[in-house]
Amino acid sequence: MQALYLLALEPVSETTADRNSYGFRPYRSTADAIEQLFVNLGRKHSAQWVMEGDIKGCFDNINHDWLITNIPLDKVVLRKWLKAGYMESGLLNPTEAGTPQGGIISPVLANMALDGLEKVLESRFGQRNTKASYKTKVNYVRYADDFVITGISKDLLENEVKPIVDAFMAERGLSLAVEKTLFTHVSEGFDFLGQNARKYGDKLLIKPAHKNVKAFLAKVKALIDGNKTLPASLLIDKLNPVIRGWANYHRPVVAKQTFNYVDYRIWKLLWRWCRRRHLNRCKRWIKEKYFKCVGTRSWVFSGLHPSGKLATLLYASDVPIKRHTKIRAEANPYDPADETYFEERLEYAWRNSDEGKRKTLRLWIAQSKRCPMCKQLITFDTGWNIHHIVERHKGGGDELENLVLLHPNCHRQLHAQRKL
C-alpha cells in the first residue's frame, strides 16, 4: 500500500523539494551534495563560516499533526501508518511521533517535512544571485537530516540564521542536536558526509575525513583478523568489494594521498596475517608465496583459486580520481522537459563505468547493431544516445527492456515529434 501511495507522492515531493536537498531522492547522491558544497565555498571571495547542523532524532520526532495537515495524502491512511505502533518482545508500543520505521514511504515523508527551509532562508537573506544574497552569502546544502549553511560571519550564523532554523524545526516537532550543531571557520575545516572540507589560503580542498578513514581501516582489520585461516584467494574476494566501494565513494575528491596511505596500512595488516600463518618460514619465502609481480607493480597480495585462477588484491590508488558532474539543482525526473537531460546523465554514467559499458554492449547486440529509427549501423563514428521507450515521467525506468540506443540526430527528431 505504501508503494502505491509513494508512486503518487514522489512526483509531488520532487516538484516541491528544496533545490539543494540531496538525500533519499532519485538520481541524487552524496557526491552531488559535496559538489554543491564546493560551489558554495570554493571561490576566493566565498563565505568563510559554516553552520554544521544535525537534527536530533529526525525520523523519530517529526510531529504527526504537522504531517497529517501538510502532506497531500489520504489523511485516514496516513494517520493509520503513523499511529500503527511497533512490536517489541511481544508487546505493542504506541508511536506518538516520527515516521514509520522501515517503511518505504518514510524517507519521502521526512524530506517533505524538512523541505522549505531553503525558501525561508532566501526570503530573509535574498534570492540566489541577487545583491542581497552576495552581502550575506547564506547558502544551504542538505543530505537527509544533515545540513550545512554558509555565511559571511559567525555572528550572522549564530544570531540570525540559527533562530530561523530553530523556529522552522520547532514547527515540525524537531530540534537541533546541540552537541552536533557547530560554527566553524573554513580554514579550520569540517566534516560532512564522510569528507573533510577545509580552505588552505584561497584554495578549498575536500578530502576523505580522518574519522571515515579510521572506520574503514578498522573494518578491513576486523575482516582480516576474523579470517586468519582462510585461503588468500578467498580473503581477497572478501576484501576487494570493500576496498572498491570505499575508493569509489571518495574518488570525486582530493583522495590520492589518502588512497596511498590506505594501501600501505592494508599491506601492513596483510603482511602480519602472512607472518602469523608461517611462523617458521623466512620473510623471503612468504614474499614469494603471497606477494607477486603484476604488471609493473611488485608486492601485490595474491592467491590461487581452486580453479587455478590467480586472485589479486585491489589497490585503492588504482581507482582513478574523477570529478563528479553535479546534477542540475532544478532538474526533475518527473518533468517531461527534463527527459533528455536525465537520458544524457544516464549515458554519461554508463560510458564511465564497466557495468554501464557492458549494458551498452548488450543493447547494441540486441538491436543487431542498428538504430531502430533509421535502420543504419550504430558505430563509434556515428555515436549514440540512450532513449527511454516509456519516459520517466510516465513511469518508465532504467531497465534494459525500456532502453534503446539511437543515433543522436534520430534521438533529437524523436523527442521533437513527441513534443508536437
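## The largest cavity

The largest cavity of this predicted model holds about 70 Å³ of space, where a cavity is a set of points on a 1 Å grid over the protein atoms alone at which a 1.4 Å probe fits but cannot get out, and a volume is the space filled by probe spheres set on the points, which are joined across faces, edges and corners. A search of the whole structure finds 3 cavities of 30 Å³ or more.

Lining residues, meaning those with an atom within 4 Å of a point, are for the largest cavity D263, I266, W267, L270, F291, W299, F301, L313, L314 and Y315. The largest share, 4 residues, comes from α12. By class the lining has 9 nonpolar, no polar and 1 charged residues, with Ala, Val, Leu, Ile, Met, Phe, Trp, Tyr, Cys and Pro counted as nonpolar, Asp, Glu, Lys and Arg as charged, and the others, Gly among them, as polar.

## The largest pocket

A pocket is an open set of points with protein on both sides within 12 Å along at least five of seven lines, and the largest one has about 950 Å³ of space. Its lining comprises 31 residues, of which R251, H324, A349, N352 and S353 are the closest to the centre.

At least two lining residues come from each of α2 (30-41), α11 (232-250), α14 (339-351) and α15 (354-366), and α14 gives the most, with 6 residues. The lining of the largest pocket divides into 12 nonpolar, 7 polar and 12 charged residues.

## The second largest pocket

The second largest pocket, with a volume of about 630 Å³, is lined by 26 residues, and V39, N40, R128, N129 and N139 lie nearest its centre. The elements that contribute two or more residues to this lining are α2, α7 (117-125), α8 (131-136) and β4 (139-143), with α7 giving the most, 4 residues. By class, this lining has 8 nonpolar, 11 polar and 7 charged residues.

## Basis of the values

Residues are numbered from 1 along each chain as its sequence is written, and side-chain values use heavy atoms, with hydrogens and water left out. In this predicted model, local features need pLDDT of at least 70 and side-chain atom pairs count only at pLDDT 80 or more, whereas totals for chains, interfaces and linings use all residues.
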